[in-house]
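Please keep the sequence and the structure in view while reading.

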Amino acid sequence: MADRNKNDAAAQHYMPTMTGDYSRISDTAKAVDYKILPAILAYIKSVAPRITRMDTDTPFVIADYGAADGVNSSVLFENIIGQIRAINPSLKIRLVYNDIAVRDYFDRFWAGSRLKQLGGVEADYIRRSFYEALPEIKGKLHLGFSSTSLHWLNTEDVGTEFFQHPSHIQANQLPDKDRRKFVEKWKRDWRVFLRERAAELGEGGALFMANLTNRGGDRWPASAGYNNLRDICHELCREGRIKEEECKAIFVPDYFATPQEMKSLIGEDGLAQTFDLAFFEEMTVPCAYYAQFKNQLDDEQAKGKLADILAHVVRAWSESSIKTGLAAEDKGEIEEIYHRLRDRFYHAPGGLPYEYCLLELVKR
Ligand SMILES: C[S@@+](CC[C@H](N)C(=O)[O-])C[C@H]1O[C@@H](n2cnc3c(N)ncnc32)[C@H](O)[C@@H]1O
């Protein structure tokens, strides 16, 4: 977990940050970068005349929203920079990394990064919610990027009681009538996100997003992870290890919108006049870890290793939220929750595929 607990009030607020080793256990998320690369390279080619004309003192600005430590987008960014430099070799590049996590992980990444060694590449880390403005790059942004982050709802503008449910721990698990308020919140949040990015992008600049999505049934990202966590919480409640109020308060504050919801939001008045939806594609990225182990599941050791990794992956993105729901005296139950999760993955091995929607929005 990246950064929690300066004081009790903060401890009660949802801060969906990842574990410090997130970039080492997020191969499934990393794989989507290769899928979005061709669309980004095609865009750069299409604006080549503009890149050629750019004055060498003005950097080409690239921002990564919800970047974690910056590791996962680094190969993608190397490719992008390579293409830009093939057009205008002396152009300076400014990378802007944004996340709500503390900057220490980014500093560690940047110190040893190959991007830093390219020369003529500078980087900033802005620790802020992407639901806020980044005036540092207002009107200066050429290319915005965000991967696997925009399902996190803005937790700052509602109380923690908004994220509660007696029987489920995530919005995509809810029946339609209970889910509605999260869909409405997701729409409000995305309008804010897109309004702020529109202010940062220069004319003709583009925003590329690899967004987790719900493609129907259990085809929403890591659904087995969320469902197992929910069932474990109820099990602990039945055993009297956690209280009913805690079960109600344990909630992961994210929502995986459907591709149709994303498309219709972008088509709304206001947004449709601001952005041209240049590219839109749905896809499944198979679970990177299950693919490695699926032919060895009769080997107990391999099965155990897969279960360890899957529980670790789920813990990376859920622990900060689960802890928020646990009362101070029960925070220790967190170890039991992930121990039981590992057991479930061991006894019923399966993958955690991620469903994505890739979008390219070009500012008109
Ligand atoms: C699943 S990670 C994805 C990291 C990286 N982009 C990748 O593709 O692997 C989601 C990231 O979003 C960040 N995040 C969540 N809510 C945010 C917000 N409101 N503003 C900025 N970052 C946020 C988390 O801290 C986390 O680093």
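This is a predicted model: local features need pLDDT of at least 70, side-chain atom pairs count only at pLDDT 80 or more; totals for chains, interfaces and linings use all residues.

The sections below take up the basis of the values, the ligand, the pocket and the cavity in turn.

## Basis of the values

Residues are numbered from 1 along each chain as its sequence is written, and side-chain values use heavy atoms, with hydrogens and water left out.

## The ligand and its shell

The ligand is surrounded by 18 residues, each having a heavy atom within 4 Å of it, and the closest are Gly66, Asn72, Asp99, Phe130 and Ser147. By class, this shell holds eight nonpolar, eight polar and two charged residues, where Ala, Val, Leu, Ile, Met, Phe, Trp, Tyr, Cys and Pro count as nonpolar, Asp, Glu, Lys and Arg as charged, and the others, Gly among them, as polar.

Polar contacts are pairs of N or O atoms within 3.5 Å. Tyr22 places a polar side-chain atom 3.0 Å from an oxygen atom of the ligand, while a polar side-chain atom of Ser129 lies 3.1 Å from a ligand nitrogen atom. From Ser147 it is a polar backbone atom that lies 2.9 Å from a nitrogen atom of the ligand. Taken alone the ligand exposes 590 Å², of which the protein buries 96%, the areas coming from the Shrake-Rupley method with a 1.4 Å probe.

## The largest pocket

The ligand sits in the largest pocket, in the sense that more than half of its atoms lie within 2 Å of the pocket's grid points. On a 1 Å grid over the protein atoms alone, a pocket is an open set of points with protein on both sides within 12 Å along at least five of seven lines, a cavity is a set where a 1.4 Å probe fits but cannot get out, and lining residues have an atom within 4 Å of a point.

The volume of this pocket is about 750 Å³. Its lining comprises 47 residues, with Pro16, Gly66, Asp99, Ser149 and Trp152 nearest the centre, and divides into 25 nonpolar, 14 polar and eight charged. Helix H2 gives the most to that lining, with three residues.

## The largest cavity

There is one cavity of 30 Å³ or more, and the largest cavity holds about 70 Å³ of space. Among its 13 lining residues, Ile25, Thr28, Tyr289, Val313 and Tyr354 are the closest to its centre. Helix H2 (27-46) and helix H13 (300-325) each supply at least two residues of this lining, which divides into ten nonpolar, two polar and one charged.

Technical notes:
A polar contact is a pair of N or O atoms within 3.5 Å; within protein, one must be able to donate a hydrogen and the other to accept it, and residues adjacent in sequence count only if both atoms are side-chain atoms. Grid points are joined across faces, edges and corners, and a volume is the space filled by probe spheres set on the points. Helices (H or I, at least four residues) and strands (E, at least two) are DSSP runs, numbered from the N terminus.
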